[in-house]
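Here is a friendly briefing to read with the model open beside you. Please take a look at the sequence and the structure before going on.

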Amino acid sequence: VLAPQSNFETHREISAWVLGAMVARPNVTVHVAWTGAWSDPPLEDFVVAQLRHLNVDVINIRSSTVNGHLTANRLGMMSTGYSSDYRIVVGESVLVSATYNWGALYTPLAQLV
């Protein structure tokens, strides 16, 4: 897992991802690498490459850039993402991405004010 900031949301989502990985592969080994930033493309590329050296074949990328996914694809890894559908740019090596449509909630609430 390429993880940006250590906070409740990130820990919760990593835990959920690990549980899903354990269903798919009960003997899975999970490595978490913290970057300390939501967006640091050079560091993301470096972390993905280092995780590949640990024989990681599927990576969950929590940052908000496409760079880690592109690097994972180039290195023959599959990835899952956060905040955008990275399949549009990267292709089929991105298995799934969590995306949120906050406008469906916030627009009606803002119109009430």
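Predicted model: local features only at pLDDT ≥ 70, side-chain atom pairs only at ≥ 80, totals over all residues.

Residues are numbered from 1 along each chain as its sequence is written, and side-chain values use heavy atoms, with hydrogens and water left out.

**Overall fold**

- The protein chain holds 5 helices and 5 strands; helices (H or I, at least four residues) and strands (E, at least two) are DSSP runs, numbered from the N terminus.
- Read from the N terminus, the elements follow the pattern β-α-β-α-β-α-β-α-β-α.
- The C-alpha trace of the protein chain spans about 55 × 30 × 25 Å along its principal axes.
- Among the 113 residues of the protein chain, 34% count as buried; buried means under 20% relative accessible area, exposed means over 50%, and partly exposed lies in between (1.4 Å probe, protein chains only).

**The sheet**

- Three strands in the order β3-β4-β5 form an open sheet of 3 strands with parallel pairing; two strands pair if DSSP finds at least two bridges between them.
- β3 and β5 are the edge strands, each with a single partner strand, so one side of each has no neighbour in the sheet.
- From one strand to the next the twist averages 10°, where axes are lines fitted to C-alpha atoms (for helices over the stretch in contact) and angles run from 0 to 180 degrees between N-to-C directions.
- Strand β3 (residues 58-60) runs parallel to β4 and is joined to β4 by 3 bridges. Across this pair, V58 stands opposite M78 and N60 stands opposite T80.
- Between β3 and β4 the chain passes through helix α3 (residues 67-74), and this β-α-β crossover is right-handed. Right-handed here means that, with the strands pointing away from the viewer, the path from the first strand over the helix to the second runs clockwise.

**The largest pocket**

- How much space lies in the largest pocket? The volume is about 410 Å³.
- A pocket is an open set of points on a 1 Å grid over the protein atoms alone, where a 1.4 Å probe fits, with protein on both sides within 12 Å along at least five of seven lines; lining residues have an atom within 4 Å of a point. Grid points are joined across faces, edges and corners, and a volume is the space filled by probe spheres set on the points.
- The largest pocket is lined by 19 residues, of which W17, A21, V28, D57 and V58 are the closest to its centre.
- Helix α1 (residues 8-24) gives the largest share of this lining, 5 residues.
- By class, the lining has 12 nonpolar, 5 polar and 2 charged residues; Ala, Val, Leu, Ile, Met, Phe, Trp, Tyr, Cys and Pro count as nonpolar, Asp, Glu, Lys and Arg as charged, and the others, Gly among them, as polar.

**Positive phi outside glycine**

- N55 is a residue other than glycine, yet its phi is positive, near 70°. N55 is in the loop between α2 (41-53) and β3, and N55 is exposed, with a relative accessible area of 63%.
- S83 is likewise not a glycine and has a positive phi of about 85°. S83 belongs to the loop between β4 and α4 (87-90) and is partly exposed, at 32% relative accessible area.

**Residues apart in sequence**

- N55 and M77 are 22 residues apart in sequence, with 9.6 Å between them in space, C-alpha to C-alpha.
- Is G68 buried or exposed? G68, in helix α3, counts as buried at 0% relative accessibility. From G68 to D40 there are 28 residues in sequence and 9.6 Å in space, C-alpha to C-alpha.
- F46 sits in helix α2 and is partly exposed, with a relative accessible area of 49%. F46 and T71 are 25 residues apart in sequence and 8.8 Å apart in space, C-alpha to C-alpha.
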